[in-house]
Amino acid sequence: MKIGELANKTGMAASAIRFYEQSGLLPPPERGANGYRIYSDAALKRLQLVQIAQNLGFSLDSLRSAFAGSEDFSRDDLLERLDARVREIDQLMAGLRVQRQDLATIRATLRDTWSQGECADPAALADSMASARNKLAPSSRPKNEKNTSVHAAKGMRTAGIRHG
């Protein structure tokens with residue numbers, strides 16, 4: 001099939017297909033006598049796999065690595081890659097939960113401080129975040145959490161944050 005037909009079947013732009021070919025994710029197609037690219041059904045299946053993997057958050061580099069040296073990879077390898085991606089997502093979600101809590105804590109602290117007609121002190125914001133984090137159960141904290149938001153807030157200048 002020509003690149004236009006492959007593009008229609010995958011929903012990709014022809015330029016994207018050429019990009020995947022140039023970046024090593026799609027083997028070079030055969031060329032017709034007229035110089036046009038002729039793609040096989042294997043190219044269609046490969047592009048469908050690339051689309052699935054990208055929708056699941058796999059990087060192009062990880063796909064390139066998975067496809068390197070063989071047309072297929074083992075079931076065990078595929079399952080391990082999927083498990084690793086699930087672990088990565090779990091870590092990202094845990095980090096986002098902590099950031100969400102930090103934002104809620106800072107918002108509440110700012111609202112309370114401003115309602116009293118005062119300026120918020122970055123050190124006080126850092127302390128309120130640290131206090132809120134200490135209330136979290138250890139199991140809800142991400143592994144290797146370093147309270148980077150708290151450290152960054154403590155390092156801020158001591159000038160007050162004003163409302164308005």
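Reader: Tyr-39: is this residue buried or exposed?

Author: In this predicted model, Tyr-39 is buried, because its relative accessible area is 3% and anything under 20% counts as buried. The residue sits in the loop between strand 2 and helix 3.

Reader: Which residues does Tyr-39 touch, leaving aside those up to four places away in sequence?

Author: Its partners are Met-1, Lys-2, Ile-3, Leu-6, Ile-17, Glu-21, Leu-26 and Pro-29. For Pro-29, 10 residues away along the chain, the C-alpha to C-alpha separation from Tyr-39 is 5.4 Å.

Reader: How should I read the overall fold, and how many helices and strands are there?

Author: Start with the order of elements. The protein has seven helices and two strands, and along the sequence they run α-α-β-β-α-α-α-α-α. Then look at the contacts: of those with a separation of 6 or more, 51% join residues 24 or more positions apart.

Reader: What share of the protein is buried, and what is the accessible surface made of?

Author: Of the 164 residues, 26% are buried. The accessible surface is about 11200 Å², and carbon and sulfur atoms account for 53% of that.

Reader: Which residues have the most contacts inside the largest nonpolar core?

Author: The general idea is that in soluble globular proteins, nonpolar side chains tend to be buried together. Here the largest nonpolar core has 18 residues, and those with the most contacts inside it are Leu-6, Ile-17, Tyr-20, Leu-26, Tyr-39, Leu-47 and Leu-63. Helix 1, helix 2, helix 3 and helix 4 each give two or more residues to this core. Helix 3 provides the largest share, five residues.

Reader: What does Leu-63 touch, not counting residues up to four places away in sequence?

Author: Leu-63 touches Leu-25, Val-50, Ala-53, Gln-54 and Phe-58.

Reader: Which residues of helix 2 are buried?

Author: An α-helix has 3.6 residues a turn, so residues three or four places apart point the same way. In helix 2, residues 14-22, the buried ones are Ile-17, Tyr-20 and Glu-21. Viewed down the helix axis they fall within an arc of 100 degrees, so they line one face of helix 2.

Reader: What do the buried residues of helix 2 pack against, and what follows the helix?

Author: They pack against helix 1 (3-10), strand 2 (37-38), helix 3 (41-55) and helix 4 (60-67). Helix 2 is followed by Gly-24, which has a positive phi, near 85 degrees.

Reader: Which residues form the nonpolar patch on the surface?

Author: The patch consists of Leu-49, Ile-52, Leu-56, Leu-78, Leu-79 and Leu-82, with about 520 Å² of accessible area together. Helix 3 and helix 5 (75-115) each supply at least two of its residues, and helix 5 gives the most, with three.

Reader: Leu-82 and Thr-105: where do they lie, and how accessible is each of them?

Author: Leu-82 lies in helix 5 and is partly exposed, with a relative accessible area of 32%. Thr-105 is found in helix 5 and counts as buried, because its relative accessibility is 10%.

Reader: What does Thr-105 touch, not counting residues up to four places away in sequence?

Author: The contacts of Thr-105 on that count are Ser-128, Met-129 and Ala-132.

Definitions and conventions
Residues numbered from 1 in each chain as written. Predicted model: local features only at pLDDT ≥ 70, side-chain atom pairs only at ≥ 80, totals over all residues. Heavy atoms only, no water. Buried < 20%, exposed > 50% of the residue type's maximum accessible area, 1.4 Å probe, protein only. Helix = DSSP H or I, 4+ residues; strand = E, 2+ residues; numbered from the N terminus. Arc of directions from axis to C-beta. Contact = heavy atoms within 4.5 Å. Core = buried A, V, L, I, M, F, W, Y, C linked by side-chain atoms within 4.5 Å. Patch = residues over 30% accessible without salt bridge, like charges linked within 9 Å, V, L, I, M, F, W, Y side chains within 5 Å. Areas by Shrake-Rupley, 256 points an atom, 1.4 Å probe, with all protein chains shown as cover. Salt bridge = Lys/Arg side-chain N within 4 Å of Asp/Glu carboxyl O.
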